[in-house]
Amino acid sequence: MVTQSVSSCAFPLSLDCRDSDTPGALRLFERQALELPNLMHALGRVVEAILLSVMWVGLPLAPIIVSAVSGDLSFLRNYRQTLRQAARQIRAMAKAEVIARRFYNEKRAAEQSVSWKIEGECSHCGECCLFQTCVFLDHDEEGRSRCRIYGNWFFNRLTCAEYPMTKDDIELYACPSFRAEPVRQVAQVRLGRHVIPVVARNAVPDSTVESGASPRP
Ligand code: SF4
Ligand code: SF4
């Protein structure tokens with residue numbers, strides 16, 4: 001009886017779950033699992049509000065900090081311009097929930113990878129650079145976006161270094177180059193239309209085959 005309870009439990013390491021066969025206990029844990037992303041979202045929003053407030057207060061220091069991070073003194077020389085750009089960036093950070101997303105995006109990406117596969121290649125439009133407001137955004141002679149701190153110690157800590165992680169990320173900035181393909185559709189494309197369906201005894205359900213056929217890399 002206990003063994004059956006463990007095998008059907010979504011939280012096999014939970015003592016409460018292991019010791020109880022009551023559906024009510026399972027429902028409670030399942031509800032908590034569903035609420036966890038919301039809690040992380042709420043926590044992320046609180047932390048984000050605090051950090052963005054600090055950034056607003058420290059805005060006069062922005063040109064100094066930006067110069068130090070990029071190693072480019074032109075930010076400091078063009079103090080007023082950098083200040084205006086930094087203010088635009090902070091507003092865009094709030095709109096895109098850049099800080100809050102760090103609290104839940106990884107989990108969301110893991111969940112979405114069951115149904116969506118992200119494909120594409122960046123065409124350097126610059127939209128995912130905070131709607132083209134990031135102070136570090138630059139453009140080459142052909143108008144392609146270029147990051148002035150790409151690859152440095154600071155860049156690797158930013159959300160944008162992992163863009164796009166989710167279908168929502170793509171939609172957020174209306175990225176023209178990456179797309180989220182439904183896993184079912186990708187599986188059909190890979191199998192082709194001329195595969196003769198074979199139903200074997202003890203065959204696994206279709207949904208299992210489809211989700212397993214195209215795991216997210
Ligand atoms: S929005 Fe998409 S295409 Fe544009 S710079 Fe970002 S990843 Fe590249
Ligand atoms: S890639 Fe560079 S320019 Fe774009 S948002 Fe990130 S830090 Fe800013």
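**Notes on a predicted model: salt bridges, ligand shells and local details**

1. Let's begin with charge pairs. Across the whole structure, a search finds eleven salt bridges. Keep in mind as you read that this model is predicted. As background, side chains of opposite charge can pair when their charged atoms come close.

2. Next, find Arg179, whose side chain meets that of Glu119 in a salt bridge of 3.7 Å, N to O. This pair also links distant parts of the chain: Arg179 sits in strand β4 (residues 178-182) and Glu119 in strand β1 (residues 116-120), 60 residues apart. Arg179 has a relative accessible area of 40% and is partly exposed. Glu119, at 25% relative accessibility, is partly exposed too.

3. Stay with Arg179 for a moment. Arg179 also forms a salt bridge with Glu181, and here the closest N and O atoms are 2.9 Å apart. Glu181 has a relative accessibility of 15%, and because buried means under 20%, Glu181 counts as buried. Elsewhere, Arg45, Glu48 and Glu97 are joined in a network of salt bridges.

4. Now for a helix. In α4 (residues 62-70), the buried residues include Ala62, Pro63, Val66, Ser67, Val69 and Ser70. How do they sit around the helix axis? Looking down the axis of α4, you find its buried residues within an arc of 165 degrees, so they line one face of the helix. What do the buried residues of α4 pack against? Their partners are α5 (74-77) and α6 (79-96). After α4 comes Gly71, which has a positive phi near 70 degrees.

5. Turn to ligand 1. Among the residues around ligand 1 are Cys122, Cys125, Cys128 and Cys175, along with His124 and Glu127. By class, the shell around ligand 1 holds seven nonpolar, four polar and one charged residue. Tyr163 is also one of the residues around ligand 1, and the peptide bond from Tyr163 to Pro164 is cis, with omega near -5 degrees. Pro164 itself lies in the loop between β3 (145-147) and α8.

6. Finally, check two backbone angles. Gln132 is a residue other than glycine with a positive phi, near 65 degrees. You can find Gln132 in the loop between β1 and β2 (137-139), and at 34% relative accessibility Gln132 is partly exposed. Ala174 also has a positive phi without being glycine, near 50 degrees. Ala174 lies in the loop between α8 and β4 and is exposed, with a relative accessible area of 56%.

Methods
Residues are numbered from 1 along each chain as its sequence is written. Chains are lettered from A and ligands numbered from 1 in the order in which they are written. This is a predicted model: local features need pLDDT of at least 70, side-chain atom pairs count only at pLDDT 80 or more; totals for chains, interfaces and linings use all residues. Side-chain values use heavy atoms; hydrogens and water are left out. A salt bridge is a side-chain nitrogen of Lys or Arg within 4 Å of a carboxyl oxygen of Asp or Glu. Helices (H or I, at least four residues) and strands (E, at least two) are DSSP runs, numbered from the N terminus. Buried means under 20% relative accessible area, exposed over 50%, partly exposed in between (1.4 Å probe, protein chains only). A residue is near a molecule or strand if one of its heavy atoms lies within 4 Å of it. Ala, Val, Leu, Ile, Met, Phe, Trp, Tyr, Cys and Pro count as nonpolar, Asp, Glu, Lys and Arg as charged, and the others, Gly among them, as polar. The arc is that of the directions from the helix axis to the C-beta atoms. Contact means heavy atoms within 4.5 Å.
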